[in-house]
Amino acid sequence: MLPAASSEDDLSESGWSPADLGLVEEGSTRSEHPTSRRTEVSLGSVQGSITSRSTGSVGRRALSHSIRHHAAILQHKAVDKIDVDDPTEQKEASRVMPQPNLNQISDPLDEDEAVIGSDWNFFTPPTIPAEWSQQIIRNVPKLSRKWVILLTVFAFLLSISFAMIFGINKAGYKVADPSTVGLKETVGATIQSVGATISGISQTTLQLQTANIRLPEYIQTNLGDVGSGLIPFYVFIPETGGLTLQRLTRECLGLVEASNAGSQDLAGTSLTVQTLPGGGRYVNVDMNTDLGLDRAKNFQIASSGLVDIVYSPLFYPVVEKIFDSNRTGRMFTIFCHPVSRAIMVYQKNQAPGTTMEQYILSGQLENNYVTRVLVNKLQGQNLVKEDLDLALDTLRRKCVIGLSESLLESLERFRKSFGWPEYDTARVGCAESVIAADAQNTNQTIAVEGESLWNEILKQNDFDLQVFEYAKVLYNEQRQ
């Protein structure tokens, strides 16, 4: 509301006297109290009283309200008595009752108390003084900045909440480029990302679930998802525990296998079951060569009813040629740390007197072998981030995971998953002897984590390390 008049001088400047406004009767006196003043207002039948404290602004506003209100009424009544068609009366009315200049009625209020009201619209509102407009302009930005800051903070917090709840996957699984980032930082960040879990499900799993990675068509259709499929297919990764598993299924469980065991028995024109001298049965095909796979495909081993389990290192060719949407395979394998696996491969294949350093310098050290098997890039093609994503998602969707560091538990998990026979007394004894014999063939400690030789091996197996770390996460998830 507009400021109130505070003195008779202010009123006289506006062209009105207290008597004209009816604030005091002609010849009346005004008494004041030390702490308040009371002014009787009389305009014919209109009477009112206002009490204000001399120490506050509320009374001054109320007085101003009364002055303006009754000024409007007085003017209205006076105009009603004038004959608008008589020029003499119009001139006299203009002389006796001039238009008040309400803008000059002011009140020494504090700046923060300046208020513009809308309750004076009995006639055309007065013009707002320039100094009032400046004060309003100064105050509005202060209020706006305050709300802008509050709204900005609220929006930021809201976006963080939505990102945590719904947007985790939008960030994507990123693999640093070893050519631009130090190996130690790259591997450390990857392991931390892969190992993080949210409510029992890894962050990587959540990201892969929403990344819509497209598997090759025959991988999608010819392999059952985890927990489904008809024929167990072990993707043979050298030096991870596959030979121990093969001996258990062959010698202790009596399963008929399709593997490379039939590589010396390819003369037959039909599929037959053969027996190994040391025990175990197999069909007369070779699953480790393209020619052998073509033979196995012609024999339709998946639908023959003779094969209990398939062993082969040729992941993609086996899935494409041997299985179909009606006779699906069930993928499983065992993983171990890539440095440990590289050392065991070196110990098995090294030339006499060749050190591990010489073996690496000669170019014989494998480059991300496991990742290459999982994405079918075995001929030295460069691996990219999309290859790693494909490898990880293939494991997530299709593979029953085993770990060499938890071999006994892994073997039992396989047995339960595929419905193999339980271990009776004879089978338990057989399994113990097989595991004890293979335990003696462990690698020597020739590389220590963090030292130069260890890091040199990791440079050639950075993707495989990430596959291994994620396999450990999946192993725990599949345990639930």
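**View 1. At 4% relative accessibility, Asn368 counts as buried.** Here, buried means under 20% relative accessible area, exposed means over 50%, and partly exposed is in between, all with a 1.4 Å probe and protein chains only. Please keep in mind that this is a predicted model, where local features need pLDDT of at least 70 and side-chain atom pairs count only at pLDDT 80 or more, while totals for chains, interfaces and linings use all residues. Residues are numbered from 1 along each chain as its sequence is written, and side-chain values use heavy atoms, leaving out hydrogens and water. Asn368 sits in the loop between H14 and H15; helices (H or I, at least four residues) and strands (E, at least two) are DSSP runs, numbered from the N terminus. Its phi is near 45°, a positive value in a residue other than glycine. Asn461, from the loop between H19 and H20, is also buried, at 3% relative accessibility. Leaving out residues up to four places away in sequence, Asn461 touches Pro338, Glu366, Asn368 and Tyr369, where contact means heavy atoms within 4.5 Å.

**View 2. Helix H13 covers residues 338-349.** The expected span is 1.5 Å times one less than the number of residues. Look for the buried residues of H13, namely Pro338, Val339, Arg341, Ala342, Ile343, Met344, Val345 and Tyr346. The buried residues of this helix pack against helices H14 (356-361), H15 (369-375), H19 (452-459) and H20 (462-479).

**View 3. The largest nonpolar core has 53 residues.** Such a core is a set of buried Ala, Val, Leu, Ile, Met, Phe, Trp, Tyr and Cys residues joined through side-chain atoms within 4.5 Å. Met287, Ile301, Phe315 and Phe335 touch the most other members, and H20 gives the most to this core, with eight residues. Zoom in on Phe315 and you will find Ile219, Leu223, Phe233, Val235, Met331, Val373, Leu374 and Thr394 in contact, not counting residues up to four places away in sequence. A second, separate core of 20 residues includes Leu245, Leu253, Ile334 and Leu407.

**View 4. Helix H9 (residues 242-252) is mostly covered.** Eight of its eleven residues are buried: Gly242, Thr244, Leu245, Gln246, Leu248, Thr249, Arg250 and Cys252. Cys252 has a relative accessible area of 7%. Apart from neighbours within four places in sequence, Cys252 contacts Arg247, Arg427, Cys430, Ala431 and Val434. The C-alpha atoms of Cys252 and Glu432 are separated by 9.9 Å, although these residues are 180 residues apart along the chain. Just after H9, Gly254 takes a positive phi of about 70°. In the loop between strand S5 (231-235) and H9 lies Glu239, which is partly exposed at 24% relative accessibility. Phi of Glu239 is near 65°, a positive value in a residue other than glycine.

**View 5. Ile149, Val153, Phe156 and Leu157 form a nonpolar patch on the surface.** Together they have about 410 Å² of accessible area, from the Shrake-Rupley method with a 1.4 Å probe, counting only the protein chains shown as cover for residues. Patch residues have over 30% relative accessible area and no salt bridge; like charges are joined within 9 Å, and nonpolar side chains (Val, Leu, Ile, Met, Phe, Trp, Tyr) within 5 Å. A salt bridge is a side-chain nitrogen of Lys or Arg within 4 Å of a carboxyl oxygen of Asp or Glu. Phe156, in helix H5 (residues 130-166), is exposed, with a relative accessible area of 52%.
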